[in-house]
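Keep the sequence and the 3D view open while reading.

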Amino acid sequence: MRYLPMKALLICLGVSFGCGFAARLPVRQDAVTVTQTITDSGPKPTSYNWAAGATEQYPIHSSCNATERSLLSRGINDAIKLADHAKKHVLRFGNSSDIYTKYFGMAPTAEVIGWYDKIVSADRGGIWFRCDDVDGNCHQDGWGGHWRGENATQETVICPLSYTTRMPLEGLCGYGYSVAAGKLNFYFGSDLIHRLYHLPAIGEGIVEHYADSYSECLELAISNPTEAARNSHTLQYFALDVYAFDIAVPGEGCTGRAPQSESSATQPATTMSNSVPTSTTTAATECHTHADGTEHCT
């Protein structure tokens, strides 16, 4: 009987052991790709647009020629600039602003901010600026334009006088102008703020004439802050004053002093029989009509 050497025996045993161990290893399998479709049972997106149909620009009527349209567009942009800065000044300083308390007293700031934002952000649908003198008022001396009253409550006529006498906002504090002594319609932008507040879509029949002159507006801020916050001329004066102080001549402005002779008697108003703008035989330096039919001259 032949015996294997010990070394050969160990090698043989090792091979047998290894072969047996290898036989017990799991067999490698190919990777399987599984595709799963997930159905979203949540709400489906819609095409709803809350701002659809909004009118973002103030409409200018086809009766305005190219020159009138250009000047009127610039004036409207100036009005928006004045109103926007007035709003931002109040948002920044609130009633800690000396200029604010001068014009509005202790009136809450939210309403003042809102009236300015109406000019800046309100929908302009249905509003028209016209140049065709459809009511026959522009021939009168001193008429720069007028709200159309019951003829068309959302329309304003801008007469030729406005295009030849209104100054651009870049000239604020120029031309010898001061807020207290100057006319509110000297700059096209401030004049259009006034005209916009006559429109129900902007002034809502709330912004009206509770005081006219610079001195009267300051008195109203003390005696009746609620009316001051809704006074058309006060809103104009404040917008001009803060823009002059913050932007035009920073830290200085051009407030000036009111004329000593200033009084309500210098700004007469004659009541008309109805709210339809009609021709009159006389007019002051600047006249327009109001929602109640009043002819207002400044």
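The side chain of Arg-148 makes a polar contact with the side chain of Asp-135, at 2.8 Å. A polar contact is a pair of N or O atoms within 3.5 Å; within protein, one must be able to donate a hydrogen and the other to accept it, and residues adjacent in sequence count only if both atoms are side-chain atoms. This is a predicted model, where local features need pLDDT of at least 70 and side-chain atom pairs count only at pLDDT 80 or more, while totals for chains, interfaces and linings use all residues. Residues are numbered from 1 along each chain as its sequence is written, and side-chain values use heavy atoms, with hydrogens and water left out.

**Around Arg-148**

Arg-148 sits in the loop between strand E2 (145-147) and strand E3 (155-158). Helices (H or I, at least four residues) and strands (E, at least two) are DSSP runs, numbered from the N terminus. Arg-148 has 8% relative accessibility, so it counts as buried. Buried means under 20% relative accessible area, exposed over 50%, and partly exposed in between (1.4 Å probe, protein chains only).

Asp-135 lies in another loop, between strand E1 (128-130) and E2. Its relative accessibility is 16%, so Asp-135 is buried too. Asp-135 and Arg-148 are 13 residues apart in sequence, and their C-alpha atoms are 7.6 Å apart. The side chain of Asp-135 also has a polar contact with that of Asn-151, at 2.7 Å.

Which side chain does Glu-155 meet in a polar contact of 2.7 Å? The partner is the side chain of Arg-148. Glu-155 belongs to strand E3. Glu-155 counts as buried because its relative accessibility is 13%. Beyond four places in sequence, Glu-155 is in contact (heavy atoms within 4.5 Å) with Trp-128, Arg-130, Trp-147, Arg-148 and Leu-199.

| Side chain | Side chain | Distance |
|---|---|---|
| Arg-148 | Asp-135 | 2.8 Å |
| Arg-148 | Glu-155 | 2.7 Å |
| Asp-135 | Asn-151 | 2.7 Å |

**Helix packing**

Next come the helix pairs. Helix H2 (residues 66-93) and helix H4 (residues 109-121) have axes that come within 8 Å and cross at roughly 155°. H2 is therefore roughly antiparallel to H4. The contact involves residues of H2 including Ala-79, Ile-80, Ala-83 and Val-90, and residues of H4 including Val-112, Ile-113, Tyr-116 and Val-120. Axes are lines fitted to C-alpha atoms, for helices over the stretch in contact, and angles run from 0 to 180 degrees between N-to-C directions. Angles under 35 degrees count as roughly parallel, over 145 as roughly antiparallel, 65 to 115 as roughly perpendicular and the rest as oblique.

H4 also packs with H6, at an angle of about 95° and with the axes 11 Å apart. That makes H4 roughly perpendicular to H6. From H4, Trp-115, Tyr-116 and Ile-119 meet Ile-193, Leu-196 and Tyr-197 of H6.

**Loop residues**

Pro-168 is in the loop between helix H5 (160-165) and helix H6 (188-198). With 26% relative accessibility, Pro-168 counts as partly exposed. How far apart in space are Pro-168 and Asp-78, C-alpha to C-alpha? The distance is 7.4 Å, and the two are 90 residues apart in sequence. Pro-168 touches Asp-78, along with Arg-74, Tyr-175 and Tyr-187, not counting residues up to four places away in sequence.

Asp-133 has a positive phi, near 50°, and is not a glycine. Asp-133 lies in the loop between E1 and E2. At 23% relative accessibility, Asp-133 is partly exposed.

Glu-204 also has a positive phi, about 55°, without being a glycine. Glu-204 is in the loop between helix H7 (200-203) and helix H8 (214-223). Its relative accessible area is 46%, so Glu-204 is partly exposed.

**Whole protein and confidence**

The protein has ten helices and six strands. Of its 298 residues, 43% are buried. Among contacts with a separation of 6 or more, 69% join residues 24 or more positions apart.

The mean pLDDT (the predictor's confidence in each residue, from 0 to 100) is 84. A value of 70 or more is reached by 73% of the residues. Over residues 263-285, pLDDT stays under 50. For that stretch the model has 53 contacts beyond four places in sequence.
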